[in-house]
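Here are a few notes to read alongside the structure. I have kept them to points you can follow by eye.

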Amino acid sequence: MTAPQTRRPTLMVVHAHPDDEASRTGGTLARYAAAGVRTVLVTCTDGAQGDDGGDGKPGHRDHEPAQVAARRSRELAESAAALGVSDLVRLNYPDSGVPDSADDIDPRAFSRMEGEPVVRRLEALMREYRPM
């Protein structure tokens, strides 16, 4: 007779931006990963509207969103590895940034999206990873 399989506990966190894991739930992710819990980090946006690390703020002529998104993606991967994250999921929706007004937000941006498609993607991830 085969012993029943026990499923490894799973913790899933969902954040809007790359770097939120470091400033929000990094300690929790690292603690549970160290305890053997499967940790899943879901990041919704590409981070393209973040600071570029220099003078290039979003909207500034020197700000290059594609380069910012690539740098933040690398930093996200490094952060996830340092925290012991088991699975990193990037949804890569366009970043909304922090505009001066709602009129400044790209209509394709994450914060302007209809909720239902995003919820469906998150539901599918929850079915796949089955956090508990």
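1. Start with the sheet. Three strands make up an open sheet, ordered β1-β2-β3, and their pairing is parallel. Because β1 (10-15) and β3 are at the edges with a single partner strand each, one side of each has no neighbour in the sheet. On average, neighbouring strands are turned by 15° against each other, direction ignored. Please keep in mind throughout that this is a predicted model.

2. Next, a closer look at one strand pair. Six bridges link β1 and β2 in the parallel sense.

3. The helices come next. Helix α1 packs on the sheet, where it touches β1 and β2, and its direction makes about 175° with that of β1. Helix α3, for its part, lies across β1, β2 and β3 and runs at about 170° to β3.

4. What does the largest nonpolar core consist of? It has 11 residues: M12, V40, V42, C44, V89, L91, Y93, V118, L122, L125 and Y129. As general background, nonpolar side chains in soluble globular proteins tend to be buried together.

5. Not counting residues up to four places away in sequence, V42 touches M12, V13, V14, H15, V89, L91, L122 and L125. There is also a second, separate core of seven residues, V13, L76, L83 and V85 among them.

6. Now for the helix-helix contact. The axes of α1 and helix α2 (residues 65-83) come within 8 Å and cross at roughly 35°. On the α1 side the contact is made by E21, A22, G26, L29, A30 and A33, and on the α2 side by L76, S79 and L83. Sorted by class, this contact has six nonpolar, two polar and one charged residues.

7. Finally, is T25 buried or exposed? This residue lies in helix α1 (residues 20-34). T25 has a relative accessible area of 18%, and buried means under 20%, so T25 counts as buried. Leaving aside neighbours within four places in sequence, T25 is in contact with V13, H15 and D20.

Technical notes:
Residues numbered from 1 in each chain as written. Predicted model: local features only at pLDDT ≥ 70, side-chain atom pairs only at ≥ 80, totals over all residues. Heavy atoms only, no water. Helix = DSSP H or I, 4+ residues; strand = E, 2+ residues; numbered from the N terminus. Buried < 20%, exposed > 50% of the residue type's maximum accessible area, 1.4 Å probe, protein only. Contact = heavy atoms within 4.5 Å. Core = buried A, V, L, I, M, F, W, Y, C linked by side-chain atoms within 4.5 Å. Axes fitted to C-alpha atoms, helices over the stretch in contact; angles between N-to-C directions. Nonpolar A, V, L, I, M, F, W, Y, C, P; charged D, E, K, R; others polar. Pairing = 2+ DSSP bridges.
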